[in-house]
There are 2 protein chains.
Amino acid sequence: MSITLTIFTLISILLISIPTKLQPIQSSIGFSILGYIIVDYLIPKVKDSFIKRGLFGKDMSKIGRPIIPETIGIIPAITYLFLMLFFIPFLFQKEIIDSNLNLNSVFSHSKLSSYLSSLLSLESMILLGLMDDLFDIRWRHKFFLPAIASIPLLIIYNFEFNQTSILIPKFISNFFKFGKNSINLGMFYYFYMASVSIFCPNSINILAGINGLEVGQTIIIVILLLINDFYYIIGYYIENNVLAKSAFEIHQFSVCFLIPFLGISLSLFKFNKFPSKVFVGDTWCYFSGMVFAVIGISGHFAKTLMLFFLPQILNFIYSSPQLFGLIPCPRHRLPKFNEDDGLLYNSFTLYFDSENPNLNSNEIKELNKNLIPIFNFFEKIYLIKLIRNKKGEIIMSSNLTLINLTIIWFGPCNEGELCNLIMKLQFIIGFIMLILRHTLAPFIFGFDNSWSMLNRFYL
Amino acid sequence: MSITLTIFTLISILLISIPTKLQPIQSSIGFSILGYIIVDYLIPKVKDSFIKRGLFGKDMSKIGRPIIPETIGIIPAITYLFLMLFFIPFLFQKEIIDSNLNLNSVFSHSKLSSYLSSLLSLESMILLGLMDDLFDIRWRHKFFLPAIASIPLLIIYNFEFNQTSILIPKFISNFFKFGKNSINLGMFYYFYMASVSIFCPNSINILAGINGLEVGQTIIIVILLLINDFYYIIGYYIENNVLAKSAFEIHQFSVCFLIPFLGISLSLFKFNKFPSKVFVGDTWCYFSGMVFAVIGISGHFAKTLMLFFLPQILNFIYSSPQLFGLIPCPRHRLPKFNEDDGLLYNSFTLYFDSENPNLNSNEIKELNKNLIPIFNFFEKIYLIKLIRNKKGEIIMSSNLTLINLTIIWFGPCNEGELCNLIMKLQFIIGFIMLILRHTLAPFIFGFDNSWSMLNRFYL
């Protein structure tokens, strides 16, 4: 083991230090390997101190509900931050040389400030996420924490770029007779960016509850983003022109953020996957969501980013009747663990049962009569599972989460397999979106920025 | 109260937003008032959640040793960070205008990166300080935390300035026949800067133990630094030339960091001063020390900064026989609280007493014979207090801290008065240093950078 470690450390140092034409992407792979090694070393070393400080949770889907350290996501998050700081000289190597030759030196500086402000936003998010894990901030406050953390990014965006146009679909611009294919949002562009940074962390936070899923879903999004990035990077080598270069630089920047992030995520996943040895905490959901928001905002491809969050968006829409109180929402909506066969089954919301009127009558409300036809319809199209009493009244409905829905479709499942299944579905959906984005988008928006038809402010 | 609050909030908003010739210093006063108000609002609101999370300490110098929330320094620290982020547009207003006119635009960008990297260093320090308060990092590790936090600053320093010369006294350069008054430290300059950032936080951390002193001493250093800064700023208005302008800009930058810091410090002091309602935690010592290190390093006046740390340096030297184990060091060296008169008395280290040989014989060691003449000499010059048995053997010596020394000189004292006394002594020492720095320095270094004789790389 120690020899493998030494070899990988050496490889990563070589990747970082040897100047080739593949820099800075080559360095980012080196930092990714280093990140994996450091997180892998730190987590077993520190996890007991987290329990000692009261940072732990019970694993509800295991026999005996063992106690497991919580908020461990802070370890890869801090590791990532310091790696990205050490990355600076390698990331800006070309710019340093250009700047010494007095070529294009202003651009390099604005890129540097944008990079530093991204790191400031990430670090603020880690700090606020940690505050949340420590002091259980109220829901209505914590929802906005990512917007606060995005302030450094937005201020520097205003200072350095202040580019507030977004592209609109051709049919809309034709309909309203704009006469152009972009619209300047002005001030509202900053609300749009703040919304993106509120959306990403919170949507990861909502799709959670089984071992490994918080980290697993971020790994899938990273892979999808990397495929998209390399599509542009390869495109630049095929069509070597000015427009392709602009897209290349944006996506190279994104790759440099994502590859080290993949390293620390995989390392954390090793400990968080079924059966979990550590829990990641809200800190991780906030931090990882913010990494995506930062990349999408500073690379000006927030709309493409949203496509890869489709499963999270669907989960939010599917959950909303319970989240907004149309249907009663029990405290826990996790799937139900069966100790006998070790599988996860659907969990249910209970309704008043006229055959057993005394059963927990305090907690249980009657099902709204208007919802019954809707429930019956959703049952037919396999979107909900209903349990009826002998009179045919609905006394239970499955909880509205993507996890429960997956169990409805694929049957009771081992926790680890369930997580893998959801990750696979997420990848398939994301990949289809990726193909649609590069085939349909040119028709909808009138043109595409990929390869020879590049436009930096398109995505 | 609510009316006062509204008035002060309005005043601060006016100070920030009205563009006058006094900007950005005028804005910094506005942010300082806002900082005071926010911290004053937040601390009472959140302090109970700190106790709930296990972050509390016992106040040893009070009757009944009450439990008091610990690590509250994180609140002003985070408040400061976000204020400094909102400060960016106001701080760089002139540069934005210049940059639009294409004047001097590169300089503005490198100043911005330096500012952002300072904030990154501060934020890293807060995060690592919080880790220390949460998980009790070992002494030999925590000593180096500030060096890790200073990495963003050092990397950007290398990237943007890479100016590694320091001025040396004339007699040394004459002696070694350098033929010039500065020496290029190269790589070692980065070790020098890292040492400054290790020194400031740790030296504040050591001079602690009575209510209000951690925050009180930082307030005194801020005041001394502000006097020094305004000496240069006023100098620029008297001698309006290029060299004076360069010093003016550095010290204006320093003032913009310090004035908001003063606001949050005063607000924290209100809660931390005798009788303490909150404790500040290592987070505060690290954070406040790092604020000074960042200002000294990026303003290139680390040596002047050290002058204002003289009491902390003396405390360290005075403590070192106990810290390095020459004399036994009891676990607590705080002064001893007397419940009867409510005053603080000297605390002592006990030695083996041949008249009472059985008294705690396990814990107590014999006094090293070689130290006796030194002890006797120090007693004569009032640097130590000794207690002897009837045989004339030394059985107790006062603990070697500046706090104990103050009690030797001025007698037993109420805790609040003792803190005020030490702060006054600190101010007097610092002010003398300030005068010496501006009168003796020109003789030692051959020239001075103040007023008409300015040199940016002197301090």
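**What the labels rest on**

Author: B:P24 is found in the loop between α1 (2–17) and α2 (25–52) of chain B, where helices (H or I, at least four residues) and strands (E, at least two) are DSSP runs numbered from the N terminus. The structure is a predicted model, in which local features need pLDDT of at least 70 and side-chain atom pairs count only at pLDDT 80 or more, while totals for chains, interfaces and linings use all residues. Residues are numbered from 1 along each chain as its sequence is written, chains are lettered from A and ligands numbered from 1 in the order in which they are written, and side-chain values use heavy atoms, with hydrogens and water left out.

Reader: What is omega for the peptide bond from B:Q23 to B:P24?

Author: Omega is near 0° for the peptide bond from B:Q23 to B:P24, and this bond is cis. In chain A, a cis peptide bond joins A:F274 and A:P275, with omega about -15°, and A:P275 lies in the loop between α12 (242–272) and α13 (281–298) of that chain.

Reader: How do you know whether A:T71 is buried or exposed?

Author: Buried means under 20% relative accessible area, exposed means over 50%, and partly exposed lies in between (1.4 Å probe, protein chains only). A:T71 has 0% relative accessibility and therefore counts as buried. This residue sits in the loop between β2 (67–69) and α3 (74–91) of chain A, and its phi is near 65°, a positive value in a residue other than glycine.

Reader: And why is A:D136 called exposed?

Author: A:D136 is called exposed because its relative accessible area is 63%. It also has a positive phi, of about 45°, although it is not a glycine, and its place is in the loop between α5 (105–135) and α6 (139–142) of chain A.

Reader: What makes the nonpolar surface patch, and which residues belong to it?

Author: Patches are made of residues with over 30% relative accessible area and no salt bridge, with like charges joined within 9 Å and nonpolar side chains (Val, Leu, Ile, Met, Phe, Trp, Tyr) within 5 Å. A salt bridge, in turn, is a side-chain nitrogen of Lys or Arg within 4 Å of a carboxyl oxygen of Asp or Glu, and accessible areas come from the Shrake-Rupley method with a 1.4 Å probe, only the protein chains shown counting as cover for residues. The patch here is about 1000 Å², and its residues include A:F171, A:F175, A:I428, A:L436 and A:I444. At least two residues each are supplied by α9 (170–175), α18 (415–439) and α19 (441–445) of chain A. A:F171, found in helix α9 of chain A, has 55% relative accessibility and so counts as exposed.

Reader: How many disulfides does the structure hold, over all chains?

Author: A disulfide is a pair of cysteine sulfur atoms within 2.5 Å, and the structure holds 0 of them over all chains. The sulfur of B:C256 is 20 Å from the closest cysteine sulfur, in B:C200, which is too far for a bond, and B:C256 counts as buried because its relative accessibility is 0%. For B:C413, the closest cysteine sulfur is 10 Å away, in B:C419, again too far for a bond; at 10% relative accessibility B:C413 counts as buried.

Reader: Why does one side of β7 (348–350) and of β8 (386–388) of chain B lack a neighbour in the sheet?

Author: Two strands pair if DSSP finds at least two bridges between them. Chain B has an open sheet of 3 strands in the order β7-β9-β8, with antiparallel pairing. Its β7 and β8 stand at the edges with a single partner strand each, so one side of each is left without a neighbour in the sheet.

Reader: How many bridges join β7(B) and strand β9 (residues 394–398) of chain B?

Author: These two strands pair in the antiparallel sense over 3 bridges, with B:S398 as the bridge partner of B:F348 and B:T349 opposite B:S397. β8(B) and β9(B) also pair in the antiparallel sense over 3 bridges, and there B:I387 has B:M396 as its bridge partner.

Reader: What makes β9(B) largely enclosed by the rest of the structure?

Author: 4 of the 5 residues of β9(B) are buried, so this strand is largely enclosed by the rest of the structure.
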